[in-house]
Amino acid sequence: MRIWDVNFKHLQAFLAVADTLSFTHAAARLDSNQPTLTRSIRRLEEQLDVPLFHRTTRQVTLSPAGVKLREHLQTLLPHLERALFPLSERPVLRLGFSWLLPDAWMQEAIVRFEEETGAGVELRRRDDRSAGVDQGIVDLALLRGRTPVEGMRATELDTEECVAAVPQGHPWSGRPWADWAELADYPMVINSVSGVVGEHDWPASGKPVLTVQCHNFDECLESVAAGRGISVLPDLVLRRNLHPSVRFVPLRGAPEVPISLVRPAQGAHPLADRFTAVARRVISARRSRRLAPQLSARHHTERELATR
């Protein structure tokens, strides 16, 4: 029977490099250094008798064995960590997002979840389409749009309306609203990594005249401010003071943007479903409060008509 000499740090080191494909970024993620990380990877490869990475001076890629090991450890390592350290500190649910959490309901959901479970919520921003949930960097992610993530389970919670982000001095900057179809007449800034719209949202006959690609929310805002084009963002930006050189204009006829909470279909954090349930309750309660005055006014009107 073979005796393995692999410890938890070896596995953590492997998964960090496998997720980032960079020894530099992995070392920063683990608050370590490259030589230590390299020794851990080499030790793990020696124990397994297989190369886990292919390395050149320019890039790091996973070997076939590395791909398989990463798939297993993404599920197993979080469970092992919780088994080894179950009571050593307050449980934490890592919630990933790419940019701007929704107004009000998300903050209320976090507070309620922490009160009900005694666990903490750790917010982690990550500039990729899945906000790190598919790599095991977070336990749960808030995502916008309808792009599915393989191996993940999504619960759609709400939708957001769209607005146009335009540079200061743009012809639209003083308008109360603009039409979705009008966007095709202007250059567009498209966040190709975590944006809410893409070129596929326009018909072939009405695509924007030019698209400028960017890779995160900050790049998007700065590109608009620099006059590179217009972008499309959820309407929550109307309630944020984001950039002095960018104006936000409501859009008519724009597609609504779904908001979902996404977690692994297998091996999810035991509190991920609990947080999702809390968020759904909070949103439902807020909708009921918004509808109550309308229903009351309608009932009052119906009673007046009935007595005439």
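Modeller: Happy to! Let's begin with Phe 248, which touches Val 163, Ala 164, Ala 165, Leu 221, Leu 233, Val 237, Leu 238 and Leu 242, leaving aside residues up to four places away in sequence; contact here means heavy atoms within 4.5 Å. A note on the basis: this is a predicted model, where local features need pLDDT of at least 70 and side-chain atom pairs count only at pLDDT 80 or more, while totals for chains, interfaces and linings use all residues. Residues are numbered from 1 along each chain as its sequence is written, and side-chain values use heavy atoms, with hydrogens and water left out.

Phe 248 is among the residues with the most contacts inside the largest nonpolar core, which has 34 residues; Trp 172, Trp 180, Leu 183, Val 232, Leu 233 and Leu 251 are also on that list. Such a core is a set of buried Ala, Val, Leu, Ile, Met, Phe, Trp, Tyr and Cys residues joined through side-chain atoms within 4.5 Å, and buried means under 20% relative accessible area, with exposed over 50% and partly exposed in between (1.4 Å probe, protein chains only). The elements giving two or more residues to this core are β7 (162-167), β9 (187-191), β10 (210-214), α6 (217-225), β11 (231-234) and β12 (246-252). Helices (H or I, at least four residues) and strands (E, at least two) are DSSP runs, numbered from the N terminus. The largest share, five residues, comes from β7. A second, separate core of 23 residues includes Val 121, Leu 157, Phe 275 and Val 278. Elsewhere, strand β3 (residues 92-97) has five of its six residues buried.
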